[in-house]
Amino acid sequence: MKKLFDEVNSLDKRCYEEFALSEDILMEHAASSMASYIQENYKDKKSILIVCGSGNNGADGIALARLLFKAYDISLYFYSKAKSQMSQLQLNRVNKLGVNITDSLYEADIIVDCIFGSGLNKPLKTDAIELIEKLNDLNSIKIACDIPSGINKKGQVLSIAFESDITITMGALKTSLFTDVAKEYVGDIKVANLGLQREVYETQTNKYLLEKEDMILPLRTKKHNSHKGTFGHLNVIAGCKKGAGVIAAKAAFGFGAGLVSVVCHEELDLPYHIMQTHFLSENCTAIAIGMGLGKYDKKEIEDILSKDVPMIIDADLFYEELILDVLHKDIILTPHPKEFCALLKLCNIADISIIELQDNRFYYASLFTNKYPNVTLVLKGANVIISKANQVFVNSFGSSVLSKGGSGDVLSGLIASLLAQGYKSIDAAISASLAHTLAAKAYKKNDYSLIPSDLVEEVKKL
Ligand SMILES: NC(=O)C1=CN([C@@H]2O[C@H](COP(=O)(O)OP(=O)(O)OC[C@H]3O[C@@H](n4cnc5c(N)ncnc54)[C@H](OP(=O)(O)O)[C@@H]3O)[C@@H](O)[C@H]2O)[C@@H](O)CC1
Ligand SMILES: Nc1ncnc2c1ncn2[C@@H]1O[C@H](COP(=O)(O)OP(=O)(O)O)[C@@H](O)[C@H]1O
Ligand SMILES: [K+]
């Protein structure tokens, strides 16, 4: 996993104070990382338009113009006059070289957005909105310097933002690049070193971006003397919408649980390898409950929730007060944003709209897991936030391939399967979430066509 930071100003400050690096050195490395990236990846391209604002994000762009001068046909466009000390210094340097400064926006092969970076501190004015709109309409390769202009430090987009293909971010990865809203704009994210190796530049953090290597698949090869019970017995509680529980059960079986039973009073038409019971199995090693629950018998659900068995809770139960009785336990919750808003309200943490939540996902996820430190929260979305106590992990591998009914049930099944096989809650949540999104990534048919069973088939091949 890679470290994530809410801000890097303090990290830059440490470079000046502890390592005697100057702002000029840091900026030279920032610009030079962008120059190398462009030269390595776009050898065949000719023209580059660099669009600058008045602060140091603009200064990065002016320095980039100097570094690529003569290697490409470079033009600088100024949204506003160079104001910061560094941008004036950089401007002085390019003026001496004779870099072209233009007042027209044209479709260069590459556009580099250096209008606003971490200093965006107020809503965009109309002229900035119009500028970004025009840039977005151009059919160029689009690179954002540090962060696409229009995204603020919290990862919010108040009006519009630059739609980049690549964001080259300075020093370290920031949480603002991993909100659901930002995902529409950031493209591929690269990190530029600022004159120090990343491990030296970075300090401690409690937030991490998950990588493929963080997925630990159930390993059977070390368990030779095994039988089905070795790999756990999952009980999935089916409710009114029985399909949800059945999807979860199938996903769980495909992900390694030795036995999977669906608990339901009505007779179900299940595949032969999935069992049905009317009550919890004596030997069950994990429970999945909530998906498709609908109307239920309160006493029966209370009884199930009171069991001392690893448990994942999903969907309809986030609207029920019953859930308050188990939030002190080591359980996993997998709400989507609407369900999480309902849960926050039930817990008296906040009464907020989905928009407010989506604008502050990290904040509310942490508020919740700080209040309930034994719970592992999997807050679903374009970038899934997994949090326990004060630790936060982000899974950014998902895509709209997953925007289909039933995708969440597959995720619940995968998590439940790992719980049944003995994973700790946080490990089950991380590995299953990665398996879920990487399976979707591996799906090769048309984006729109995925059904839950396709996802399970891809999970089997990971
Ligand atoms: N620190 C370092 O060592 C390194 C920093 N680096 C780079 O510096 C960047 C941060 O630079 P920064 O702090 O100068 O801020 P930046 O993003 O250029 O914007 C500030 C300017 O924009 C203006 N402005 C703001 N909002 C506005 C609005 N809505 N509409 C209109 N104007 C608005 C604001 O105006 P003011 O608030 O003064 O009115 C000010 O003039 C960072 O992202 C990275 O690229 C790298 O080189 C690595 C080393
Ligand atoms: N655009 C997207 N990008 C990434 N992941 C997505 C996207 N849309 C949906 N997902 C994922 O798909 C799943 C949907 O879950 P949910 O809404 O609970 O579905 P359901 O209840 O119908 O099974 C979540 O894991 C979510 O993170
Ligand atoms: K920018």
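## Two domains

How far apart do the C-alpha centres of domain 1 and domain 2 lie? In this predicted model, the answer is 39 Å. The domain assignment puts residues 2-205 in domain 1 and residues 213-460 in domain 2.

The two domains do touch: nine residues of domain 1 are in contact with ten residues of domain 2. On the domain 1 side, the touching residues split into three nonpolar, three polar and three charged.

## The nonpolar core

Let's look inside next. The largest nonpolar core holds 142 residues, and I50, V236, A252, L414, I415 and A416 have the most contacts inside it.

Take V236 as an example. Setting aside neighbours within four places in sequence, V236 is in contact with G245, A248, A249, A252, V260, V262, V263, A288 and A416. Two of those names, A252 and A416, are also on the list of residues with the most contacts inside the core.

## Around ligand 1

Now for the ligand. There are 29 residues around ligand 1, and those that come nearest are G55, N56, N57, G117 and G119. Which elements give two or more residues to this shell? They are α2 (23-41) and α3 (56-68).

If you sort the shell by class, you get eleven nonpolar, eleven polar and seven charged residues.

An unreviewed UniProt entry lists G408 under "binding site". You can find G408 in helix α13, which covers residues 407-420.

Is G408 buried or exposed? G408 counts as buried because 24 other C-beta atoms lie within 10 Å, and the cut-off for that label is 20 or more. Leaving out its neighbours within four places in sequence, G408 is in contact with D314, T334, H336 and K380.

## Helix α12

One more helix is worth a look. Helix α12 runs over residues 361-371, and its buried residues are R361, F362, Y364, A365, S366, F368 and T369.

What do the buried residues of α12 pack against? Their partners include two helices, α10 (337-346) and α11 (354-359). The strands β17 (376-379), β18 (384-388) and β19 (391-395) are packed against them too.

Conventions: Residues are numbered from 1 along each chain as its sequence is written. Chains are lettered from A and ligands numbered from 1 in the order in which they are written. This is a predicted model: local features need pLDDT of at least 70, side-chain atom pairs count only at pLDDT 80 or more; totals for chains, interfaces and linings use all residues. A residue is buried if 20 or more other C-beta atoms lie within 10 Å of its own, exposed if 12 or fewer, and partly exposed in between; C-beta atoms are placed from the backbone. Helices (H or I, at least four residues) and strands (E, at least two) are DSSP runs, numbered from the N terminus. Two residues are in contact if their C-beta atoms, placed from the backbone, lie within 7 Å. UniProt positions are given in the numbering used here, feature names are shortened, and annotations may be inferred rather than shown by experiment. A residue is near a molecule or strand if its C-beta atom, placed from the backbone, lies within 6 Å of it. Ala, Val, Leu, Ile, Met, Phe, Trp, Tyr, Cys and Pro count as nonpolar, Asp, Glu, Lys and Arg as charged, and the others, Gly among them, as polar. A nonpolar core is a set of buried Ala, Val, Leu, Ile, Met, Phe, Trp, Tyr and Cys residues joined through C-beta atoms within 7 Å. Domain bounds come from an automatic or database domain assignment.
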